[in-house]
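Today I am opening my notebook on a new structure. I want to look up its aromatic rings and write down what turns up.

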Amino acid sequence: MQQIRLWEITSDQRLVEIEGNPIPLEERLEDWLESDISVLDANLLVIGRQVETDFGGKIDLLCLDSVGDTVVIELKKGTPPREVTAQALDYASWVKGLSFDHLMNIADGYFKIPNALDLKFRERFEEPLPSELNQSHRSLIVAETMDAGTERIVRYLSDLNVPINVATVKHFRDGTGREILAQVYLIEPEVSEERARAASKRKGVTLTSLQAEADGNGIGGMFKQMRENTQGILMAKPYPNRMWYGIFIENGRQRALLFVWSAPHEYEAGMRFLVHATRFSEHRGVSREQLMEWLPANAAEADARVRSWTGSSQEERTNARGLQGTFQSVEEVEKFLAGLETLRQG
């Protein structure tokens, strides 16, 4: 078991141990961590407290890290029973399935302002909110002490790449009444994060891997043609299972306008597309009718209100319209690119 001990160096260079004091209430520890989560990890943003799960339990603190992954923090006063490990895993099993919109709603309720997550994330990390959230997750148990059984269980799970860790936090009070809080991790946080992301949906999502998938599905030429000929008109970047095309708007924020990917087993063979017609109109002055002229004849209405289109307010999502279909030839891609080229000329 890990122990935390502190000593004060006196003016005559003697070492006087500062006695640890039990944290008065679990809620007090929760207050401290909520007000400054960097005590545990500077790479976290609290987005919820006492978050109720679908099965009635409540997560003490729910956080996001700087890449948009979720972190469940479970606090226990004193020495936690072994059951706390099962409880943390139970919460994680629920958090794993949280959608972008669900996380947005949790943050809105916590910060008590609409569309809070985008603002708070930018303030905390000086980066825009990622287009995808919760691509991986991990659990952190925080306690004053830890018994040997819990330590063995957590180490065993971590060695199996289950994303769980323990932070031991101890409260001290010196002779002047000054309060001190100290913490130590069972497993180095960097190791825990790496193991959590090892099984992430984000793993291996690169331009090379997406191009290789497109090549294997017989649309490599169209996929490359789209990427190379949109430069200077739309930004392009790899995205889980697809290619993201978008723009910068005010304050450095990003908005996706188009996704393309290959899915020969779901639809007719070709390069699938999903276009946000409302954003094309708002940000690039292209009407839905113009888009229909540029796109293949199979273009059909699509729901642009779902979480794939991140960053919009609820009001914007309510009336958003999209288009979806399949590019089935190089000529169809060239026709769409010719339409986009008018934006460069304009």
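**Entry: the model.** I am working with a predicted model, so I note that before anything else.

**Entry: ring pairs.** I looked up how many aromatic pairs the structure holds, and the count is five.

**Entry: where the partners sit.** I then traced both residues along the chain. Trp294 belongs to helix H10 (residues 288-294), while Phe336 belongs to helix H12 (residues 330-345). They are 42 residues apart, and the pair links distant parts of the chain.

**Entry: a second partner.** Phe336 also pairs with Phe327, this time in a tilted arrangement. Here I noted 5.7 Å centre to centre and 55° between the planes.

**Entry: buried or exposed?** I checked Trp294 and found 11% relative accessibility, so it counts as buried. Phe336 is buried too, because its relative accessibility is 0%. For Phe327 the relative accessible area is 1%, so that residue is buried as well.

**Entry: the cluster.** Which residues form one aromatic cluster? I wrote down Phe273, Trp294, Phe327 and Phe336.

**Entry: charges over rings.** Lastly, I turned to charged side chains. Lys237 lies over the face of Trp244, 4.3 Å from the ring centre. Arg242 lies over the face of Trp261, at 4.0 Å from the ring centre.

Terms used:
Residues numbered from 1 in each chain as written. Predicted model: local features only at pLDDT ≥ 70, side-chain atom pairs only at ≥ 80, totals over all residues. Heavy atoms only, no water. Phe/Tyr/Trp six-rings, centres within 6.5 Å; stacked < 30°, edge-to-face > 60°. Helix = DSSP H or I, 4+ residues; strand = E, 2+ residues; numbered from the N terminus. Buried < 20%, exposed > 50% of the residue type's maximum accessible area, 1.4 Å probe, protein only. Lys NZ or Arg CZ within 6 Å of the ring centre and 35° of its normal.
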